[in-house]
Amino acid sequence: RARRGGPLTGASRGPPPPDPAGRFAARVYHMLGIEGDPSANALPDAFTLTLPEGHALGEPELLFRQIPPEEVAALRKRFAGTQEEAAAGEGAAAAAFPADIRVGRVASARAHATDESRLWVLQVDLGAETRQIVAGIREHYPDPGALEGRLLAVLCNLKAVSLKGEESQGMALAATKKEALSLLCPAAGARPGDRVFAGDLRNPGEEEGGGGFAYPTLELKEFQKLPLTLGDGGLALFQKKHPLTAGGEPVTAEGMPTGAKIK
């Protein structure tokens, strides 16, 4: 039974105090049904918790999650080696799918000041942010009205570059075959900021919806080595077997043959 008296008391149960970091102490307070900020009640080395008789406890919960073997292996690889190797990026957690691709919606399109015939300068809504993307697609998409409002698949961890004086903070992905080109198209129900996944592949610590993994910054030549192609029906694939999806729906490209390269 809870004992009477003591400095750490509370008469009612409620949600845990605001704690975006999910601190351990806040969760313990919640399970014990204690209100207030745990940081205001530092626990001494010698401590006996006393609660009033009949005090209602909160709902119990697991304080620690079980770490799956594949995540353990990734963490061991990430933190193995010397400090010099770690500083050089060696031993970093391996990425099952290293491309940080997200759904974007074109907010505006304008012609590049010095290359009007070939380049569009796009402002793309990615949900939590807006990025400028310089895309060499004007030959295939000459009408800005056909682009504005369109959903794109945007490579977000591509190293930012300056293209003829305009910074490009990513790349709008498209399927290409010889002279033909078609932008990748997420399903109509996808929302700006949705993560594009490759089948069931998940990077260490990553859950559906994104987050939990620090994507490496890719050089263009590194991205172009990834085996991204079109399958039957214009379905975008990784390694010819993992379909790209956003919001659980397929990402496709129209009017392109099977085997077209995505870049």
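1. Basis. This is a predicted model, in which local features need pLDDT of at least 70 and side-chain atom pairs count only at pLDDT 80 or more, while totals for chains, interfaces and linings use all residues. Residues are numbered from 1 along each chain as its sequence is written, and side-chain values use heavy atoms, with hydrogens and water left out.

2. Overall make-up. The protein has five helices and 15 strands; these are DSSP runs numbered from the N terminus, with helices being H or I of at least four residues and strands E of at least two. Of its 263 residues, 36% count as buried, where buried means under 20% relative accessible area, exposed over 50%, and partly exposed in between (1.4 Å probe, protein chains only). The accessible surface comes to about 15100 Å², and 53% of that surface belongs to carbon and sulfur atoms. The areas come from the Shrake-Rupley method with a 1.4 Å probe, and for residues only the protein chains shown count as cover. Among contacts (heavy atoms within 4.5 Å) with a separation of 6 or more, 61% are between residues 24 or more positions apart.

3. Five strands form an open sheet with the order 3-2-1-4-7 and antiparallel pairing. Two strands are taken as paired if DSSP finds at least two bridges between them. Strand 3 (130–135) and strand 7 (171–172) are the edges; each has a single partner strand, so one side of each is left without a neighbour in the sheet.

4. Pairing within the sheet. Strand 1 (residues 101–111) is joined to strand 4 (residues 151–155) by five bridges, and the two run antiparallel. In this pair, V103 has A153 as its bridge partner, and G104 stands opposite L152. Strand 1 also pairs with strand 2 (residues 120–125) in the antiparallel sense, over six bridges, with A109 opposite L122. Strand 4 in turn pairs with strand 7 over two bridges, again antiparallel; there the bridge partner of V154 is A172.

5. Strand 4. Five of the five residues of this strand are buried. L151, A153 and L155 point one way, and L152 and V154 point the other way. In a regular strand the side chains alternate between the two faces of the sheet.

6. R102. R102 is buried, with a relative accessible area of 17%. Leaving aside neighbours within four places in sequence, its contacts include R131, L152, A153, V154 and D194.

7. R131. This residue lies in strand 3 and is buried, at 15% relative accessible area. A polar atom of the R131 side chain lies 3.0 Å from the backbone oxygen of Q169. Not counting residues up to four places away in sequence, R131 touches R102, L122, Q123, V124, L126, C156 and Q169.

8. Nonpolar cores. The largest nonpolar core has 29 residues, and L184, F223, L230 and L244 have the most contacts inside it. Such a core is a set of buried Ala, Val, Leu, Ile, Met, Phe, Trp, Tyr and Cys residues joined through side-chain atoms within 4.5 Å. Elements giving two or more residues to this core are strand 1, strand 4, strand 10 (196–198), strand 11 (228–230), strand 12 (236–238) and strand 13 (242–246). Strand 4 gives the most, with three residues. Apart from this core lies another, of 17 residues, among them L122, L126, A135 and A174.

9. L184. Beyond residues up to four places away in sequence, L184 touches, among others, L151, L152 and A153, as well as L230, A236 and I262.

10. Q224. Helix 5 (residues 220–224) contains Q224, which counts as partly exposed at 39% relative accessibility. Q224 and K261 are 37 residues apart in sequence, and their C-alpha atoms are 9.2 Å apart in space.

Technical notes. Polar contact = N/O pair within 3.5 Å; in protein donor to acceptor, adjacent residues only side chain to side chain.
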